[in-house]
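Keep the model in view and click along as we go.

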Amino acid sequence: MRASAPGKAFLFGEHAVVYGRHALVTAINLRCYVDVSKGSSIRITSPLGTTSLDFEVHPYVSFAIKRFSEIEKINGVNVKIESEIPVASGLGSSAAVTVATLAALDAEFEAGLDKEDVFELARKVELDVQGVGSGTDPFVSTFGGAWQIPERKPISLDMEFLVVDTGEKSITSEMVGGVAERRKVMPEVYEKIFDAIDVVSIEAIKNVSNQENYPELFRINQALLKAIGVSSRKIEELIEKLDEFGIAAKLTGAGGGGCVIGIGQEDKLMNAAQKFGGMIVRAEKEGVRVEQ
Ligand code: MEV
């Protein structure tokens, strides 16, 4: 059986969301596809190679199989992964592969899981691998659409934006861990910055149907992310160059590298996509699905 799940983009509020503040997040129209068939041993195949259960090379898929097998006995299974979502780039590729694997396993082994079950398992896998996380990535990948977090209130969002990869890897556990360390040293300062990000996210959520102030809110959110140490020289340089093209941009997801998202007029987005090797991505309504 084959299943797929979408990636996601934080428009506002990453990191602060780990500390209970608001965020605006949407699924995107890039998906991860996972094929699952019963077999005599466990084989996981991806662009990284073929392995058995391997918590180093294929941590998310391996933990997904482990968690699923606590519900349904697995003797052997072949898992094949194809993804449109750039890896370690802030676009939720880890959550998408986890969610799609769980849904494909469910379909193949007829375990009768619903989306809530898939999300709960994917949430456990996120914690198995990363040790930390707000659960937003697996939630959005499972259910699709755009959401106000932490309330998990659906938001109607019809939007296109530019995504450009810095080429630097973004490792969520490291970035979230770094913020936690720095917050320990200056808790009051960090709490105030999270509060400021919270206000930015709330303002963005209020204005979702008329996004005139989004460029300014992007700039402010980016400055606050830089303040908590999750930007990078490459991210800042890229944002500056995009600004010259009339595009407001910020990092998305854990940062430290990964992708920058940008908004602006359609022709400017197209121009910049060509110039910087980026792509135009759309907010996506559909979450995980079993492919026919
Ligand atoms: C990662 O996509 C977003 C973070 O806020 C971590 C999380 O919410 O789990 C950095």
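Seven elements each give at least two residues to the lining of the largest pocket: β1 (2–12), α1 (59–69), β5 (77–83), α2 (93–109), α3 (115–130), α4 (136–143) and α5 (172–185). Helices here are DSSP runs of H or I with at least four residues, strands are E runs of at least two, and both are numbered from the N terminus. This is a predicted model, where local features need pLDDT of at least 70 and side-chain atom pairs count only at pLDDT 80 or more, while totals for chains, interfaces and linings use all residues. Residues are numbered from 1 along each chain as its sequence is written, and side-chain values use heavy atoms, with hydrogens and water left out.

A pocket is an open set of points on a 1 Å grid over the protein atoms alone, where a 1.4 Å probe fits and protein lies on both sides within 12 Å along at least five of seven lines; lining residues have an atom within 4 Å of a point. The largest pocket is lined by 49 residues, and Y60, V87, A88, S93 and S94 lie nearest its centre.

So what sits in the largest pocket? The ligand does, going by the rule that more than half of a molecule's atoms lie within 2 Å of the grid points. Around the ligand you'll find K8, F10, E14, H15, V17, V18, G133, S134, D137, V176, G253 and A254, each with a heavy atom within 4 Å of it.

Three of these residues make polar contacts with ligand oxygen atoms (N or O pairs within 3.5 Å). A polar side-chain atom of K8 is 3.0 Å from one, a backbone N or O atom of H15 is 2.9 Å from one, and an N or O atom in the S134 side chain is 2.5 Å from one. The protein covers 99% of the 300 Å² of accessible area that the ligand has on its own (Shrake-Rupley method, 1.4 Å probe).

Elsewhere, the second largest pocket is lined by R219, Q222, A223, K226, E236, I239, E240, D243, I247, A248 and A249. Two or more of its lining residues come from each of α7 (214–227), α8 (233–244) and β9 (248–251).

Now for the backbone. P150 lies in the loop between β6 (146–149) and β7 (153–155).

Notes
A polar contact is a pair of N or O atoms within 3.5 Å; within protein, one must be able to donate a hydrogen and the other to accept it, and residues adjacent in sequence count only if both atoms are side-chain atoms.
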